[in-house]
Number of protein chains: 2
Amino acid sequence: MAAGKFAKEMNVLKEHLGKHQLKFTRQRELILTAFLRQEHITAEAMYHQLAKTDPHLGLATIYRTLNLFCDAGIAQARHFGSQTQYDNVSHKGHHDHLICTGCGKIVEFENCEIEKLQEEVASRNGFTIQTHRLELYGLCSRCRH
Amino acid sequence: MAAGKFAKEMNVLKEHLGKHQLKFTRQRELILTAFLRQEHITAEAMYHQLAKTDPHLGLATIYRTLNLFCDAGIAQARHFGSQTQYDNVSHKGHHDHLICTGCGKIVEFENCEIEKLQEEVASRNGFTIQTHRLELYGLCSRCRH
DNA sequence: TATCTTTTTGAGATGGCTTATCAATTTCAA
DNA sequence: TTGAAATTGATAAGCCATCTCAAAAAGATA
């Protein structure tokens with residue numbers, strides 16, 4: 001049962017759709033299934049990937065749907081270079097990125113201590129954190145040479 | 001002596017220019033002086049600001065020059081919304097941002113402990129950090145109500 | 001100072017990514 | 001099944017940033 005694999009996320013999406021008077025469509029189901037197989041992907045890349053099996057899926061629909069996933073908390077948009085990367089954040093807690101400026105390689109990590117310090121900084125300034133973004137840019141071991 | 005106020009940064013720029021066979025021009029001086037009065041600004045905003053006194057300063061020149069400042073370590077580019085914000089980092093160490101998702105207010109902060117932990121994470125993954133970006137999104141005390 | 005090479009500038013064209021438009025189609029509640 | 005409301009696909013449009021190139025400026029040299 002291929003669809004069952006992502007049943008949980010599918011429900012997250014349906015719940016979000018229900019709350020906002022949006023509809024569950026073939027395209028949204030299709031794009032979600034494909035998206036969940038990725039760690040992160042651009043709209044363009046997803047367009048080409050899906051074009052192999054569904055040639056008539058429009059690029060605009062991909063963009064709209066990925067943005068919808070962001071609203072639903074399934075994806076998270078992140079600028080890298082000139083493009084927007086949509087990160088899959090459904091199957092794990094919040095994570096941050098190590099990004100190689102040489103080859104674009106991305107390593108994900110999580111660090112509770114850092115998050116704790118962030119909370120401190122925020123409350124010291126009267127802020128309540130909703131989300132955060134931490135990106136470390138540098139060279140990976142391969143690109144350093 | 002108005003120009004003397006930013007003498008130090010002007011020297012940083014000149015040093016960078018010298019190292020890269022670039023020239024010191026009226027425009028670069030002008031843009032630097034204006035830029036140093038800001039915490040952060042977009043190329044477009046700077047264009048309009050400077051247009052009041054120098055109507056013939058081209059937008060392309062602003063972009064080129066702000067990117068030059070980034071190379072020289074005087075500025076730092078940061079995507080916010082659909083535009084690029086150029087942060088003034090000349091008069092202080094690296095700083096990060098607390099951003100209110102309600103009103104857009106930005107509070108800058110610095111935290112050595114966090115930076116130290118970042119270094120650890122990076123070296124653990126074989127990375128050499130060149131720069132980083134930490135943005136905490138949330139509600140400021142005013143917007144929380 | 002005059003000369004000459006190299007870099008920079010300005011204006012507009014160009015390019016790349018993302019969103020807007022809108023008629024045709026699909027969803028889904030009644 | 002029907003009808004109101006949302007969605008889709010194709011493409012146009014928008015926006016931000018960079019590129020192009022002839023004219024101007026910088027700065028080294030004589």
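In the predicted model, an open sheet of 6 strands is arranged in the order β5(A)-β4(A)-β6(A)-β6(B)-β4(B)-β5(B), and its pairing is mixed. The edge positions are taken by β5 (106-109) of chain A and β5 of chain B; each has a single partner strand, so one side of each lacks a neighbour in the sheet. Averaged over the sheet and ignoring direction, neighbouring strands are turned by 20° against each other.

Strands of a sheet pair through backbone hydrogen bonds, in either a parallel or an antiparallel arrangement. Both arrangements occur here. Strand β6 (residues 128-139) of chain A pairs with β6(B) in the antiparallel sense, over 11 bridges. Within this pair, A:Leu134 is placed opposite B:Leu134 of β6(B). Inside chain B, strand β4 (residues 96-100) runs parallel to β6(B), to which 4 bridges join it.

Helix α5 (residues 112-124) of chain A lies across β6 of chain A together with β4, β5 and β6 of chain B, and runs at about 125° to β6(A). Helix α5(B) touches β4 (96-100), β5 and β6 of chain A together with β6 of chain B, and its direction makes about 130° with that of β6(B).

The contact between the chains involves 30 residues of chain B and 30 residues of chain A. On the chain B side, the elements that contribute two or more residues are β5 (106-109), α5 (112-124) and β6 (128-139). The largest share, 12 residues, is that of β6(B). Divided by class, the side of chain B that touches chain A contains 14 nonpolar, 12 polar and 4 charged residues.

Two copies of a chain are related by a rotation about an axis and a shift along it. For the present pair, chain B is superposed on chain A by a rotation of 179° with 0.2 Å of shift along the axis, at an RMSD of 0.9 Å. The two copies are therefore related as by a two-fold rotation axis. In chain B, the C-alpha nearest this axis belongs to B:Leu134, at 2.3 Å. Both copies use the same surface, since 100% of the contact residues of chain B recur in chain A. The residue B:Leu134 is also the one that stands opposite A:Leu134.

DNA strand D is surrounded by 27 residues, of which the closest are A:Leu22, A:Gly58, A:Thr61, B:Ala60 and B:Thr84. At least two residues of the surface near DNA strand D are supplied by each of α2 (26-36) and α4 (59-72) of chain A and α3 (43-51), α4 (59-72) and β3 (83-88) of chain B. By class, this surface has 9 nonpolar, 12 polar and 6 charged residues.

Helix α4 of chain B also includes B:Ala72. This residue, B:Ala72, counts as buried because 20 C-beta neighbours lie inside 10 Å. Leaving aside residues up to four places away in sequence, B:Ala72 touches B:Val12, B:Leu13 and B:His16. The C-alpha atoms of B:Ala72 and B:Arg133 are 18 Å apart in space, with the two residues 61 apart in sequence.

Notes: Residues are numbered from 1 along each chain as its sequence is written. Chains are lettered from A and ligands numbered from 1 in the order in which they are written. This is a predicted model: local features need pLDDT of at least 70, side-chain atom pairs count only at pLDDT 80 or more; totals for chains, interfaces and linings use all residues. Two residues are in contact if their C-beta atoms, placed from the backbone, lie within 7 Å. Ala, Val, Leu, Ile, Met, Phe, Trp, Tyr, Cys and Pro count as nonpolar, Asp, Glu, Lys and Arg as charged, and the others, Gly among them, as polar. Two strands pair if DSSP finds at least two bridges between them. Copies are superposed by least squares on the C-alpha atoms of residues with pLDDT of at least 70 in both. Axes are lines fitted to C-alpha atoms, for helices over the stretch in contact, and angles run from 0 to 180 degrees between N-to-C directions. A residue is near a molecule or strand if its C-beta atom, placed from the backbone, lies within 6 Å of it. A residue is buried if 20 or more other C-beta atoms lie within 10 Å of its own, exposed if 12 or fewer, and partly exposed in between; C-beta atoms are placed from the backbone.
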